[in-house]
Amino acid sequence: MVFTDYDKSADFGEYLTYYMPDSVLLITNNEKATYWTNEDADYILETFADNMAARGFTLVDSKEDADLGLQVSYIEDVRYFVDYPNDYWWWGYPGYWGPSYWGNWGGWYYPYAVTYSYSTNSFITEMVNLKADEGEGKKLPVIWRSYLTGFETGSSAVNRTLAVEAVNQSFTQSPYLTNK
């Protein structure tokens, strides 16, 4: 499966250069960042670089000189997340009570759990605007993302071929991603 999405207000024609790390970030249960740096990872990164070059973007050696940043991450294990939506900023704050303390709120109910996950053997790629002036401590805006999954065949050669085809497909279904 190949899923892509982008910021509809982004003008990709205004970006000329991009920076991409020389390894794939591994998403695992480790608290420290780990990276995938073997021949397979290089081949996949080269596929991203080839597609970016075909679209008119130039790879630079320094993120300070780049207009865009391209982060390729590989999900090595399944991650499940559970969250309880909470519209009340004061819940859990010392000295404050939950909504039921104040009487019948008419239709108020206990929050429901929202669960989501990422699959193993999947790639997440995010392209960020490195030139955005978001101020100190702000997150850079993600202007393009892809999610690639389905690489569980048991053969590393087949998995690599499928991954390369998925990367190429993510660019095929993103015709707006060009500066030409």
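**Figure 1. Overview of the protein chain in the predicted model.** Contact here means heavy atoms within 4.5 Å. Among contacts in the protein chain with a separation of 6 or more, 76% are between residues 24 or more positions apart. The secondary structure consists of two helices and ten strands. Along the sequence these elements follow the pattern β-β-β-β-α-β-β-β-β-β-β-α. Of the 180 residues in the protein chain, 34% are buried. The chain exposes about 11,400 Å², and carbon and sulfur atoms supply 50% of that area.

**Figure 2. Strand β9 (residues 122-129) and the strands it pairs with, β6 and β10.** Strand β6 (residues 68-75) runs antiparallel to β9 and is joined to it by eight bridges. Within this pairing, Y74 has F123 of β9 as its bridge partner. Strand β10 (residues 142-148) also pairs with β9 in the antiparallel sense, over six bridges. Here the bridge partner of V128 is V142, in β10. Seven of the eight residues of β9 are buried, so this strand is largely enclosed by the rest of the structure.

**Figure 3. The aromatic pair of F12 and Y15.** A pair of aromatic rings is described by the distance of the centres and the angle of the planes. The count of aromatic pairs comes to nine. In the pair shown, the ring centres of F12 and Y15 lie 6.4 Å apart and the planes are at 65 degrees, so the arrangement is edge-to-face. Both F12 and Y15 are buried. At Y6, the charged end of K8 sits over the ring, 4.6 Å from the ring centre.

**Figure 4. The aromatic pair of F48 and F171.** The ring centres of F48 and F171 are 6.1 Å apart and the planes are at 70 degrees; the pair is therefore edge-to-face. This pair links distant parts of the chain, with F48 in helix α1 (residues 39-54) and F171 in helix α2 (residues 156-172), 123 residues apart. F48 has a relative accessibility of 0% and so counts as buried. F171 is also buried, with a relative accessible area of 0%.

**Figure 5. R160 and the ring of Y43.** The charged end of R160 sits over the ring of Y43. The distance from this charged end to the ring centre is 4.3 Å.

Note on methods. Residues numbered from 1 in each chain as written. Predicted model: local features only at pLDDT ≥ 70, side-chain atom pairs only at ≥ 80, totals over all residues. Heavy atoms only, no water. Buried < 20%, exposed > 50% of the residue type's maximum accessible area, 1.4 Å probe, protein only. Helix = DSSP H or I, 4+ residues; strand = E, 2+ residues; numbered from the N terminus. Pairing = 2+ DSSP bridges. Areas by Shrake-Rupley, 256 points an atom, 1.4 Å probe, with all protein chains shown as cover. Phe/Tyr/Trp six-rings, centres within 6.5 Å; stacked < 30°, edge-to-face > 60°. Lys NZ or Arg CZ within 6 Å of the ring centre and 35° of its normal.
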